[in-house]
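Visitor: I would like to learn how to read a protein model step by step. Could you take me through one, giving the general idea before each case?

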Amino acid sequence: MKKNIIALFLILAIIFIPSVTLTANARSVFSQYTTARTLTSGLNLQPTAVLEPENYSDIPSGSQVQSSGITSVLVTPNSDMDVEFKDKTVSFTDLFDAKLRRLFIPVLRLTAETVEPFIQMLKNTYYIADIVVLSSDVKVLDAIRKDSVATVANSVYDLTDVTLLSDRYTNWQYIAEANKVYANTVMFNGSEENFPVAAEYLSAMCKVCWAKTNSLTETVSAIASGATGVVVKNADYFKDAMAYFSKKGFAKAQNVAAHRGITSYANENSLTAVSSAISEGATHAEIDIQFTHDKNIVISHDSTVNRTTGVNASIEPTTVSHLKTFTLKDYSAKYEEAIPTLEEVIDAVSDTDLILIIELKLEDGRTQVVNKGAIEKFLEIMRAHPEMDGKWFCITFFRPYADKMRELAPEISVGFLGAGASGYENDQGIRTWDGEWTGMSNISSKIAFMHKFRMVLDETYTSELNTTAQDYLARGYLQNSWTFNNLNHFNSKLNIATSNVAEQCSMLIKEFTPTEYQITSQELASGKLKVMTENYCGWRVERTCDVITVSKEGNKVQILLYYNETAGSVSYGLYSQLMTYEII
Amino acid sequence: MKKLYLLAIITALVCVFSLYGCTPTEGGGSDTPAPKQEITLTKSEVTLVKGQSDTVTVVSEKKLDTLSLKWSCSNDNVVFYKKEGVNLQLKGLAEGEAILTLKMSGKEIATLKVNVVMADLTVRLPEGKIVLSKGSTATVQAHSIKEGSGDYVWQVSCDGITVESQGKIARITVSDTCPDGEYDATVTYSGNTCTFKIIIGK
């Protein structure tokens with residue numbers, strides 16, 4: 001009898017202990033994650049393919065799963081957490097078990113009525129953790145953000161009902177709203193005329209941009225416009241669209257950030273370095289900020305001016321007017337430049353499209369600088385310049401600054417300057433993340449970390465990033481990386497490459513800017529067309545491009561243009577947007 | 001009694017003449033007037049193009065104790081100033097007006113009005129200079145605050161420096177044989193000219 005009781009206890013322990021452990025783990029770490037799927041194509045970074053099936057039977061199964069290229073499945077549950085397909089109604093948990101588990105990342109469209117049942121469902125299903133939610137209602141996304149148990153991989157802000165405008169910065173409001181509820185992905189209608197403007201701008205501001213498409217042509221157009229995700233009703237749209245992108249390259253020009261400005265012929269973090277980043281055509285300039293004794297913000301990587309000016313002085317106990325008496329030394333005899341203030345940098349860039357990546361160095365993460373109001377002063381300066389709205393975001397190694405930014409400016413993206421998947425916490429030995437950065441050697445735990453601290457990725461470059469980029473992308477994280485001393489970033493799956501040689505991109509192709517949309521039958525047959533293009537620095541060059549025909553009707557043809565050039569030791573290819581030409 | 005009246009008149013005259021010799025600034029009681037220390041500025045008003053620099057000098061007949069000279073500014077965002085002995089270095093930071101006040105031993109002795117204006121045509125180089133090494137290439141861009149007519153014309157005063165241009169964009173290439181030195185370059189657009197320097201050799 002006694003033996004039987006002991007055996008019963010043992011059996012119960014075997015059954016329940018792993019469940020309890022898994023429940024605990026699942027809410028903090030996505031212990032099981034689905035690998036993002038890609039198709040054979042030439043694109044450096046493929047958009048995430050999301051299927052929104054009308055029928056239960058449309059969800060790929062068996063051998064179709066891999067060949068479909070679909071990574072995520074978008075469904076809309078009702079308040080009972082049932083999903084009503086045209087051919088079947090099924091509970092979400094049954095759908096998950098039968099069709100999605102370990103095969104597709106579920107994306108659930110939620111409303112004010114379904115968000116609470118969804119959170120309840122998550123609490124009861126420990127094994128569903130690698131999941132994305134989508135809503136057009138920011139209150140719904142905020143409810144997800146606030147619930148500490150309802151951990152999801154990411155949220156998508158559905159803006160398919162908005163009309164996109166041609167002005168790049170009108171899209172800032174959407175990013176700000178999305179950031180406040182920590183939705184790293186924004187979804188627009190891919191058929192919107194100004195979708196390419198939005199897609200380009202969102203990637204420059206670290207946001208994943210999904211396009212909802214309704215046909216093969218729309219899907220091709222969205223991908224060629226730089227969509228980093230496409231939501232299709234028919235899996236074949238994505239598969240067929242990717243066939244047009246077989247040549248190696250980018251659907252949209254890669255973002256290139258000048259690290260501390262252009263430093264090849266100017267002092268790092270100087271006004272000349274920042275102005276030169278504009279002239280050389282960098283899309284972003286990365287600068288570092290420090291806090292002064294008189295509570296101002298200046299631009300400097302180090303917390304002292306020893307290295308940059310040759311004068312032994314710390315910035316924090318020094319006033320701006322005193323700092324201004326020191327001359328930056330690398331080019332000192334020639335430029336006679338002093339350390340710039342943040343105000344001066346803003347003044348130099350505000351009339352341009354350069355985006356500032358502002359690293360919160362601030363005495364290398366010392367909490368007392370935060371307590372002295374450094375972040376408040378920084379935000380006061382930025383907010384005094386509404387012309388800079390939507391033209392900057394932050395990066396940091398340090399948790400006190402990330403926390404403060406989240407509290408005071410939730411609309412601003414903050415990038416985590418991690419040091420690679422298996423790297424170290426920071427380069428100063430200050431362990432500000434309470435050791436939570438450890439164990440980030442796998443995708444699931446890193447996503448959990450990023451989600452907890454509401455940050456985006458901006459890590460030192462390792463080749464590992466090329467194998468993980470698609471998995472991060474599927475969950476709303478574009479991979480920004482630093483610091484390149486050559487053009488190898490063009491071979492990588494990156495969104496923003498921070499470079500010490502950004503000026504080497506100056507004369508590379510950035511855009512196709514044809515002046516007329518006519519093509520002869522001979523040109524179409526030869527697959528070659530001379531068109532005007534624009535380099536990163538704005539220089540216009542006529543280039544002979546490859547023509548890829550997507551559709552043809554009467555004398556109208558829809559084509560993609562492709563151009564490949566050698567940049568340093570790398571081959572750099574770029575696709576145009578989908579364009580309609582008249583055959584003459 | 002007459003002697004007493006005469007003494008009173010003489011005393012009164014002495015007092016009147018003594019007072020006449022005094023100046024308000026030097027105080028009373030001196031038998032010989034002290035020479036006036038004239039302190040002036042070489043300019044009373046300066047107009048600076050944003051990003052450009054100028055120098056104003058404090059002038060005095062006597063040698064000045066420069067440590068006692070103190071400058072203050074009504075708007076630090078408009079102009080950057082730096083005292084170097086009797087010289088005051090100025091740099092236009094932003095469009096606007098500022099008043100600089102000079103005090104000596106706490107007493108105001110001069111003011112300087114500074115107007116900072118936007119240049120019609122600038123090159124995106126805050127110091128108006130670009131420092132390049134031999135064999136290197138850089139891109140610079142002109143910035144006109146008005147939409148003008150005609151082409152941007154770029155010129156440089158050295159055969160060893162090639163300037164290829166396309167409108168407001170110029171590609172500067174320095175040959176391997178270009179001698180170290182400081183060369184003038186200009187861009188002209190719609191009647192406005194901006195001069196900048198190309199410095200070869202770090």
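Guide: Let us begin with a word that we shall need throughout: two residues are in contact if their C-beta atoms, placed from the backbone, lie within 7 Å. Please keep in mind as well that this is a predicted model.

Visitor: Which residues of helix 14 of chain A are buried?

Guide: A residue counts as buried if 20 or more other C-beta atoms lie within 10 Å of its own. In helix 14 of chain A, the buried residues are Leu342(A), Glu344(A), Val345(A), Ile346(A), Asp347(A), Ala348(A) and Val349(A). Because seven of the eight residues of helix 14 of chain A are buried, this helix is largely enclosed by the rest of the structure.

Visitor: How are helix 10 of chain A and helix 14 of chain A placed relative to each other, roughly parallel or roughly antiparallel?

Guide: Two packed helices are described by the angle between their axes and the distance between the axes. Here helix 10 (residues 271-280) of chain A and helix 14 (residues 342-349) of chain A have axes that cross at roughly 25 degrees and come within 10 Å. Angles under 35 degrees count as roughly parallel, and helix 10 of chain A and helix 14 of chain A are therefore roughly parallel to each other. The crossing in which helix 10 of chain A passes helix 14 of chain A is right-handed. On the side of helix 10 of chain A the contact is made by Leu271(A), Val274(A), Ser275(A) and Ile278(A), while helix 14 of chain A brings Glu344(A), Val345(A), Ala348(A) and Val349(A). Sorted by class, this contact of helix 10 with helix 14 of chain A has six nonpolar, one polar and one charged residues.

Visitor: At what angle do helix 8 of chain A and helix 9 of chain A pack?

Guide: Helix 8 (residues 216-224) of chain A and helix 9 (residues 235-242) of chain A pack at about 55 degrees, and their axes are 9 Å apart. Helix 8 of chain A and helix 9 of chain A are therefore oblique to each other, and helix 8 of chain A passes helix 9 of chain A in a right-handed crossing. From helix 8 of chain A the contact takes Leu216(A), Thr219(A), Val220(A) and Ile223(A), and from helix 9 of chain A it takes Tyr237(A), Phe238(A), Asp240(A) and Ala241(A). The classes in this contact of helix 8 with helix 9 of chain A are six nonpolar, one polar and one charged residues.

Visitor: What is there to notice in helix 20 of chain A and just after it?

Guide: The buried residues of helix 20 (residues 464-474) of chain A are Leu465(A), Ala469(A), Asp471(A), Tyr472(A), Leu473(A) and Ala474(A). Just after helix 20 of chain A comes Gly476(A), which takes a positive phi of about 95 degrees.

Visitor: How many helices and strands does chain A have, and how is chain A divided into domains?

Guide: Chain A has 21 helices and 26 strands, and 53% of its 584 residues count as buried. Its domains are domain 1 (1-31), domain 2 (34-242), domain 3 (256-301 + 340-489) and domain 4 (509-583). The centres of domain 3 of chain A and domain 4 of chain A, taken over C-alpha atoms, are separated by 35 Å, and seven residues of domain 3 of chain A are in contact with seven residues of domain 4 of chain A.

Visitor: What does chain B consist of, and how many of its residues take part in the contact with chain A?

Guide: Chain B has one helix and 16 strands, and 25% of its 202 residues count as buried. The contact between the chains takes 22 residues from chain B and 24 residues from chain A. On the side of chain B that touches chain A, the elements that give two or more residues are strand 5 (79-84), strand 10 (129-132) and strand 11 (137-144) of chain B. By class, that side of chain B has 12 nonpolar, five polar and five charged residues.

Technical notes
Residues numbered from 1 in each chain as written. Chains lettered and ligands numbered in written order. Predicted model: local features only at pLDDT ≥ 70, side-chain atom pairs only at ≥ 80, totals over all residues. Axes fitted to C-alpha atoms, helices over the stretch in contact; angles between N-to-C directions. Helix = DSSP H or I, 4+ residues; strand = E, 2+ residues; numbered from the N terminus. Parallel < 35°, antiparallel > 145°, perpendicular 65-115°, else oblique. Left-handed = near helix turned anticlockwise from the far one by under 90°. Nonpolar A, V, L, I, M, F, W, Y, C, P; charged D, E, K, R; others polar. Buried ≥ 20, exposed ≤ 12 C-beta atoms within 10 Å, placed from the backbone. Domains from an automatic or database assignment.
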